[in-house]
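Colleague: I would like to go through this model step by step. Could we take it one question at a time?

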Amino acid sequence: MPMNTNLTLLTALLLAPLQAAERSPIQITDHTVVFTHTSTDPKDPANTSGYNLGPGITVLPDGRLMAAWFSSPTEGAESQRIVQAFSSDQGRSWGEASVLQDIAGKADFDPVLFVAGKETFLFFSSFNPQIDIYYRRSGGWGTPGDAEAKKEGLPDVQLYDLGKDIGETTNVQSTFPDVVARMTKILEQQIADGRSTPGAKQTNDAAIVVMKANKKAAQE
């Protein structure tokens with residue numbers, strides 16, 4: 001009798017997960033690779049994206065999917081940054097990954113995406129030098145947005161030291177014109193190349209002008 005009782009209990013335990021799986025409304029209909037690291041050896045220091053972890057995903061206000069994760073040669077490396085990729089077909093295919101967040105010389109990690117209304121929030125951690133938690137938000141990933149800045153008569157360029165001013169309260173563009181020039185040059189090169197990652201040049205979907213004031217002048 002004890003043997004039969006134990007056998008019945010064991011059978012019930014084995015069948016319980018199967019019965020739960022049958023009742024689950026979740027079904028996997030598609031699967032794809034969001035990102036493949038850039039080398040066959042993920043531990044090779046030259047492979048800057050050999051270590052990838054902590055993925056998160058959200059549906060953006062425009063309907064696209066956005067994925068974010070942290071990537072580096074090895075876990076905790078100073079070059080560790082948060083990267084992003086987008087899908088316009090419900091995750092069946094993904095665009096090329098690009099850098100979303102990178103505090104220079106610090107390891108950024110554990111991104112969390114959250115959408116509220118028309119805004120998208122990014123929460124993440126970074127060693128600076130202890131583990132701190134930061135956040136950024138869309139609409140230019142900060143405030144004020146273009147319309148607010150124009151209404152307030154603010155400069156066209158906004159530059160913030162996120163290592164010291166994560167709340168983006170002090171615009172330091174006039175203090176560091178060399179940084180503005182360097183970052184503008186990098187942006188112009190990325191536009192010319194049609195991409196921000198290594199590889200062959202690509203064609204942009206539309207004509208892009210860095211400064212909107214220049215765009216207006218170019219149309220006249």
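This is a predicted model: local features need pLDDT of at least 70, side-chain atom pairs count only at pLDDT 80 or more; totals for chains, interfaces and linings use all residues.

Modeller: Lys 106 has a relative accessibility of 25%, so Lys 106 counts as partly exposed.

Colleague: Where is Lys 106 found, and how far apart in space are Lys 106 and Arg 81, C-alpha to C-alpha?

Modeller: Lys 106 is in the loop between strand E4 (98-101) and E5. Lys 106 and Arg 81 are 25 residues apart in sequence. In space, their C-alpha to C-alpha distance is 8.2 Å.

Colleague: Is Gln 90 buried or exposed?

Modeller: Gln 90 lies in the loop between E3 and E4, and its phi is positive, near 60 degrees, in a residue other than glycine. Exposed means over 50% relative accessible area. Gln 90 has 67%, so Gln 90 is exposed.

Colleague: What is the relative accessible area of Asp 110?

Modeller: Asp 110 is found in strand E5. Asp 110 is not glycine, yet its phi is positive, near 55 degrees. Asp 110 counts as partly exposed because its relative accessible area is 40%.

Colleague: How many residues of E2 are buried?

Modeller: Leu 65, Ala 67, Trp 69 and Ser 71 point one way from E2, and Met 66, Ala 68, Phe 70 and Ser 72 point the other way. Residues on both sides are buried. E2 is therefore largely enclosed by the rest of the structure, and its buried residues number 8 of the 8.

Colleague: Which residue in E2 is the bridge partner of Ile 57?

Modeller: Strand E1 (residues 51-59) and E2 run antiparallel and are joined by 7 bridges. Their hairpin has 5 residues between the strands, and there Gly 63 takes a positive phi near 95 degrees. The bridge partner of Ile 57 in E2 is Ala 67.

Colleague: Which residue in E3 is the bridge partner of Met 66?

Modeller: E2 also pairs with strand E3 (residues 81-87), in the antiparallel sense and over 7 bridges. In E3, the partner of Met 66 is Phe 86.

Terms used:
Residues are numbered from 1 along each chain as its sequence is written. Side-chain values use heavy atoms; hydrogens and water are left out. Buried means under 20% relative accessible area, exposed over 50%, partly exposed in between (1.4 Å probe, protein chains only). Helices (H or I, at least four residues) and strands (E, at least two) are DSSP runs, numbered from the N terminus. Two strands pair if DSSP finds at least two bridges between them.
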